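User: Could you walk me through how to read a sheet, a helix pair and a pocket in a protein model?

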Amino acid sequence: MADTTEQPFTVAVSDTDLELLRKKLDLVRLPDELEGAEWNYGVPLADIKRLVAYWKDSFDWRKAEAGINKLPMFTRDIEVDGHGTLNIHYVHQKSEVKNAIPLLFVHGWPGDFLEVKKVLPILTAKSDEHPSFHVVAISLPGFGFSEAPKKPGFAGRQYAEVFNKLMVALGYNEYVYQGGDWGHILGAHAVTHYGHTNIKAWHSNMPFYRAPKFFSNPLLFLGMLTIPFDTVTKTRLAHSMKWQSKGRGYFIEQATQPQTLGYSLSDSPVGLLAWIYEKLVDWSDKYPWTEDEGRLLEWISIYWFSRSGPAAAGRIYYEMTSQNQHDVLEGTKYSSVPLGASYFPGELVRLPKSWTSMLGNVKFEAEHDKGGHFAAYEQPEKLAGDLRKMFGKGGPAHGVVPGKNGYD
């Protein structure tokens, strides 16, 4: 029987690992670049030169590490059916409010558990004006400081099992869920398996689903005939198709040969930097990364110093698609569990809002004028505000967790 006792966790990168990073940065060999290439071929050479120099000469990992260690972090062994025991890392920030709502926050790729950092003080704040939450922010298996799966076949059901067992182990038999990117996708799987019994409501900041089919959703299917005459929907779909045709190569590579790519990411910190930095810039809504390069390098460093190495995180694409043989929502189904959806203009996939109804029982929707893929980091006040509206007094999901309405 696995030891499920919670253990406090502190990030403590060894001096040896820091010295190895410095040596690799010293020995970097950069590619050439075509004249006037800018972002058309990928990350500009000037950006990488600047970031490498900063990472090597100015970035203070020990300072960043000390800041991370101010978070209440823990690990716990979780036994997963057919996959043995995984040691899972998570942040667990409790509110002072006795009846605070238990909320599981799930990140995606190339995110990490630190995406929750800006919303933590907002969501756990005590007030008569809004609900408060007990927040659990997990590091997905294979990401950050969680142990990676050891065998093939770790997909939607297994992630859902980890989530639910963690929350139950923390005493939250009933809770709500929030996620974007893989957090959204895995939320659909979690609600499929644990909706109503454990997950009482969920919220997504990347609310997408498959295109409607005639026999299962005839009205929505026929509604596609009006798209050429709907300027808003045409714009949303054009945005999504641009990503589909020009920005999805990373997905295919990680869904088909993640191990091959993994050698480069594990051996070259500069390769890892470029691989992730491109997505942070492309997927955010004009976020000023040049003014926040310390946090950017902290973000990259979490992957570089991760427990299982930078390659482990990419395997989720392979497992969740069976080597790109089906979509990531395979095995999910519609759930009547209350669903909230926040739409941000810089999100990768922007589909007709009506399609969200195929995913679940939509009770709350909010459209924002700023923000992209990393909503919790880019627009923490807006995302937290949506959760407060959804679960607060008068909100459509107020009181969904029995005895935990978010107020004293």
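This is a predicted model: local features need pLDDT of at least 70, side-chain atom pairs count only at pLDDT 80 or more; totals for chains, interfaces and linings use all residues.

User: Fine. In what order do the nine strands of the open sheet run?

Analyst: In general, strands of a sheet pair through backbone hydrogen bonds, either parallel or antiparallel. Here the order is β1-β2-β3-β5-β4-β6-β7-β8-β9, with mixed pairing. Strands (E, at least two residues) and helices (H or I, at least four) are DSSP runs numbered from the N terminus, and two strands pair if DSSP finds at least two bridges between them.

User: Which strands stand at the edges?

Analyst: β1 (7–8) and β9 (360–367) do; each has a single partner strand, so one side of each lacks a neighbour in the sheet. β1 is joined by two bridges to β2 (residues 73–80), and the two run antiparallel. Gln7 sits opposite Thr75 in β2.

User: Which helix packs on the sheet?

Analyst: That's α5 (residues 156–169), which touches β2, β3 (84–93), β4 (101–106), β5 (133–138) and β6 (175–179). Contact here means heavy atoms within 4.5 Å.

User: And how do I read a helix pair?

Analyst: Two packed helices are described by the angle between their axes and the distance between the axes. The axes are lines fitted to C-alpha atoms, for helices over the stretch in contact, and angles run from 0 to 180 degrees between N-to-C directions. For α5 and α6, the angle is about 75 degrees and the axes are 8 Å apart. That makes α5 roughly perpendicular (65 to 115 degrees) to α6. Among the residues that meet are Tyr159 and Phe163 in α5, and Leu186 and His189 in α6.

User: Now the pocket: what is the volume of the largest one?

Analyst: On a 1 Å grid over the protein atoms alone, a pocket is an open set of points where a 1.4 Å probe fits, with protein on both sides within 12 Å along at least five of seven lines; lining residues have an atom within 4 Å of a point. Volume is the space filled by probe spheres set on the points. The largest pocket has about 1,300 Å³. Of its 42 lining residues, Trp39, Gly42, Val43, Glu278 and Asp282 are closest to the centre. α11 gives the largest share of that lining, nine residues.

Note on methods:
Residues are numbered from 1 along each chain as its sequence is written. Side-chain values use heavy atoms; hydrogens and water are left out. Angles under 35 degrees count as roughly parallel, over 145 as roughly antiparallel, 65 to 115 as roughly perpendicular and the rest as oblique.
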